[in-house]
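Let's walk through this one together, from a single side chain out to the whole fold and back again. Have the viewer open and follow along.

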Amino acid sequence: MVVDNLNLSYLCIIIYSNKENKMTTKEKIRKGIVKIANESQDIKNDIITFVGDEFKKSISLKNQTAETIKEITKDTLDGVYEGLNEAKDKGQQYTDRLTEKGVKIEDVMKKSSEAMVNVAKKKGENALAVSKQSAEKAKELFNDAADRAKHSIDNIEDKAKEQMETTLKNLNETKKETKNKLDAIGDALKDYATEKKDETSEAISNALHKTADKSKEAATDLMNLAKSHSKKLTSHSLSKVSDWLKNLSNKVNS
């Protein structure tokens, strides 16, 4: 009998877990926000943290298309908006509680969108830092190989050349993926602001447009950072070696 009860409990956990996994992004955000609005003592900050954490999980997969990122972004915003409205619709006591805690939907939507941009920016910075570290090691090996070959390009070991090509490719792919994500988030914020302007409010629309601009600025900043890394990797005291490295960089970037 004990075994049967344990098996039943285990089965219930599996079923609940599967239901959680099958929830859409919007459903997960909406339900999470209703729970926070009903139970938290620091509603606004807990919502922002929750949105950032969930968004980080949602965009963690590599090679996600721009359309996928845009869909996740819009669904997250929908979840925030619908979750807060659902919490208010539960009754006057819930509305009063949100008011007491200083929770304004315009402010939460703005802060949630900023949290999403910050998550993508931080992920991009971390990815570029890892690529840079790997690239610097490859450059050290290449420089050692160049010294042994007395800086004759033809005599530099193929392994050292291949490692430089691989590391420059990785840096380029990381740069592109980071930019694509931030651009997609910015586009989604603007699209949502336009599409939902009548349903939400002008204040929310304006806030999302401003955050979208910040997303584009973050993409530009990270692109410049990647270019700076690439410039250091392709520099060398001898012009013939530097020219070869720059040609290699142009090749992998084309």
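Does isoleucine 69 count as buried or exposed? At 1% relative accessibility, isoleucine 69 counts as buried, where buried means under 20% relative accessible area, exposed means over 50%, and partly exposed is what falls in between (1.4 Å probe, protein chains only). Before going further, some ground rules: this is a predicted model, so local features need pLDDT of at least 70 and side-chain atom pairs count only at pLDDT 80 or more, while totals for chains, interfaces and linings use all residues. Residues are numbered from 1 along each chain as its sequence is written, and side-chain values use heavy atoms, with hydrogens and water left out.

Back to isoleucine 69, which sits in helix α4. Helices here are DSSP runs of H or I with at least four residues, strands are runs of E with at least two, and both are numbered from the N terminus. Setting aside neighbours within four places in sequence, isoleucine 69 is in contact with Ile59, Gln64, Lys181, Ala184 and Ile185; contact means heavy atoms within 4.5 Å. Lysine 31, on the other hand, is 38 residues from isoleucine 69 in sequence and 21 Å from it in space, C-alpha to C-alpha.

Now zoom out. The chain has 9 helices and 0 strands, giving the pattern α-α-α-α-α-α-α-α-α along the sequence. The radius of gyration is 25 Å, well over the 18 Å that the globule rule gives for 254 residues, so the chain is more spread out than a compact globule. That radius is taken over C-alpha atoms, and the rule is 2.2 Å times the number of residues to the power 0.38. Along its principal axes, the C-alpha trace spans about 80 × 60 × 30 Å. Still, 43% of the 254 residues count as buried. Take the contacts between residues at least 6 apart in sequence: 76% of them join residues at least 24 apart.

What about the inside? The largest nonpolar core has 57 residues, and Ile33, Ile47, Val80, Leu84, Met109, Ile156 and Leu189 touch the most other members. Such a core is a set of buried Ala, Val, Leu, Ile, Met, Phe, Trp, Tyr and Cys residues joined through side-chain atoms within 4.5 Å. Two or more residues each come from α2 (25-39), α3 (43-58), α4 (66-89), α6 (105-148), α7 (158-195), α8 (202-233) and α9 (239-253). Helix α6 gives the largest share, 13 residues.

Not counting residues up to four places away in sequence, alanine 138 touches Gln163, Met164 and Thr167. Threonine 166 is 28 residues from alanine 138 in sequence, with 9.0 Å between their C-alpha atoms. Valine 130 also lies in α6, but this residue is exposed, with a relative accessible area of 55%. From valine 130 to threonine 174 there are 44 residues in sequence and 9.6 Å in space, C-alpha to C-alpha.

Next comes the loop between α6 and α7, where you'll find lysine 150 and histidine 151. Most residues other than glycine have a negative phi. Lysine 150, though, has a positive phi of about 55°, and histidine 151 has a positive one near 65°. Lysine 150 counts as exposed, at 71% relative accessibility.

Last stop, the charges. The mean positions of the 47 positive and 43 negative charges are 4 Å apart. Lys and Arg count as positive and Asp and Glu as negative, leaving out His and the chain ends, and each charge is placed at NZ of Lys, CZ of Arg, CG of Asp or CD of Glu.
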